[in-house]
Structure formats: C-alpha cells, structure tokens
Amino acid sequence: MKKDLRKIYQSKKIKEKLKGHRIRKGKVALPFVFRDIMGLEPDALAGSQIEDIVNAVFGHVKDGYEFKKNPLTHKDQQFTSDPSMSDQAFCVVYVIAADTVQLTDDKLIDKLKIIRHRISDGGIPQLIIMTKVDEACPLVKNDLRKIYYSKEIKEKMQMCSDKVGVPMNYIFPVKNYHDEIETQDDIDILILKALEQIVNLADDKLIENIDN
C-alpha cells in the first residue's frame, strides 16, 4: 500500500491523459480509484480545459482520454452521455505547491474558482493537498514532525484557502517523495491522513447519492 501511495505522490510528469490509479493492500485492490487530471495553466488554451475537468468529475469522460486544447463535447466518442455511478467522482482534490502558492497566476486562480463553483453545484466535497512543505519552511525541512507548529505552513494554508475558497480544515500539508529510496513514516503519516479524509468524504457523498 505504501508503495502505491508513493507512486502517486512522487510523480512530477504532467499527465496528458485521464488515468485511474488503484491502491492495493497486498494483492487486493482497495475499493476506490484515484483519477489523475492534467494540471491547469494560466493561458486559455494551455493545460486542462475547464469543461474537460468538470465533465471528468461528473463521469462524462472515459479513462484514457487525452486532454487537448479544445474540450470534449457530447459528439465525441470518449464522451459518456449517461455515466454510471462508478464513472463519477465523489471527492475532488486540488494539488497546490506550498513553496509557490504566493506566485500563482490570477488567471489560474480564476480557473480554479470556476471549477470549484461548478463542482460545488453538484454537492461534491473538495479539498486541497498542499505539497512541498519542506521547501516552503526551513523548520519543517529539518523536522517534518513540526509541520503543525510552523507559522509559515499555517500562512501557506491560509493563502490556499483564500485563493481557492476551500476551508482550512480541508487543506492537508504533505511532503513529496523526492530521492528517498525507502518509504518514511513521517512522510506517509501526512499522506495517509489526507487519504483517510478523501476516502471518508467520498464515501459520505456516495452514500448520499445512493440514498437519493
């Protein structure tokens, strides 16, 4: 399981295709899927398009779809008009780097806000994974266990909240794996804490949809 988590969080490559990731416990796949979406960029035709992201969240985009400058439409073969419950997302996670959040282009923030509002209309919970905390704070770089004692990290979390609109208690600071050969408990604890919240929120939303 730790190796699967490490694989998801250590990748720096921009994802050009919608791809699902499963986490395994031994040989058994856990009953949820992470879908990775190509990141946003400030320019209008760069990175993922707003419509593609929103459609992916609501299950209209098939796994393996390659993101393009022009968003997917209902006429495309990879558009799912009537998605099943398993096609849909029940929690959305924004990944924001702590060391550069203050430099984030306003155009990109505007895109995030549009996406957030569109997804909020569907009642889907949203949270932020704030990465690279060690690069944002010398105290944390020296001792990751002091992450929640760091004034700088708290300020970065508040900045994420102000920019995107996600409440502070839905923002989870984590350290990326870089050149570590083995998994490390201090890194994994933060990742697992975020994962637990993601799964719980998604499960609550799934149950709500089933009940309705």
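1. Residues are numbered from 1 along each chain as its sequence is written, and side-chain values use heavy atoms, with hydrogens and water left out.

2. The mean pLDDT of the protein is 84, and 90% of the residues score at least 70. Confidence is lowest in helix H1 (residues 2–10), with a mean of 50, and highest in strand E5 (residues 171–173), at 96. Over residues 8–14 the pLDDT is below 50; beyond near neighbours in sequence, this stretch has 9 contacts in the model (a contact means heavy atoms within 4.5 Å). Where pLDDT is low, the predicted coordinates should not be read in detail.

3. Next, the overall layout. The protein has 7 helices and 5 strands; these are DSSP runs numbered from the N terminus, with helices (H or I) of at least four residues and strands (E) of at least two. Read from the N terminus, the order is α-β-β-α-β-α-β-α-α-α-β-α. Among contacts between residues at least 6 apart in sequence, 62% join residues at least 24 apart.

4. How much of the protein is buried? Of its 212 residues, 42% count as buried, where buried means under 20% relative accessible area, exposed over 50%, and partly exposed in between (1.4 Å probe, protein chains only). The accessible surface comes to about 12,400 Å², and 50% of that surface belongs to carbon and sulfur atoms. These areas come from the Shrake-Rupley method with a 1.4 Å probe, and for residues only the protein chains shown count as cover.

5. Helix H2 deserves a look of its own. Because 7 of its 8 residues are buried, H2 is largely enclosed by the rest of the structure. The buried residues are Ile50, Asp52, Ile53, Val54, Asn55, Ala56 and Val57. Their cover includes strand E3 (92–97) and H3. After H2 comes Gly59, with a positive phi near 85°.

6. Now for the charged pairs. Side chains of opposite charge can pair when their charged atoms come close. The structure holds 4 salt bridges, a salt bridge being a side-chain nitrogen of Lys or Arg within 4 Å of a carboxyl oxygen of Asp or Glu. One of them joins Glu51 and Arg118, with the closest N and O atoms 2.9 Å apart. This pair links distant parts of the chain, as Glu51 is in helix H2 (residues 50–57) and Arg118 in helix H3 (residues 106–120), 67 residues apart. Glu51 is partly exposed at 33% relative accessibility, and Arg118 is partly exposed at 32%.

7. Another salt bridge is formed by Asp134 and Lys175, whose closest N and O atoms are 4.0 Å apart. Asp134 sits in helix H4 and Lys175 in the loop between E5 and helix H7 (185–211), so the pair links distant parts of the chain, 41 residues apart. Are these two residues buried or exposed? Asp134 is buried, at 8% relative accessibility, and Lys175 is buried too, at 13%.

8. Arg145 and Asp186 also meet through their side chains in a salt bridge (3.2 Å, N to O). Since Arg145 lies in the loop between helix H5 (138–142) and helix H6 (151–164) and Asp186 in helix H7, the pair ties together parts that are 41 residues apart in sequence. Arg145 is exposed, at 63% relative accessibility, whereas Asp186 is partly exposed, at 28%.

9. Turning to the rings: those of Phe, Tyr and Trp (its six-membered ring) pair if their centres lie within 6.5 Å, with planes under 30 degrees apart counted as stacked, over 60 as edge-to-face and the rest as tilted. By this rule there is 1 aromatic pair. Phe32 and Phe34 form it in an edge-to-face arrangement, 5.9 Å centre to centre with 90° between the planes. Phe32 is partly exposed, with a relative accessible area of 21%, while Phe34 is buried, at 18%.

10. Lys132 is partly exposed, at 27% relative accessibility.

Definitions and conventions
This is a predicted model: local features need pLDDT of at least 70, side-chain atom pairs count only at pLDDT 80 or more; totals for chains, interfaces and linings use all residues. pLDDT is the predictor's confidence in each residue, from 0 to 100.
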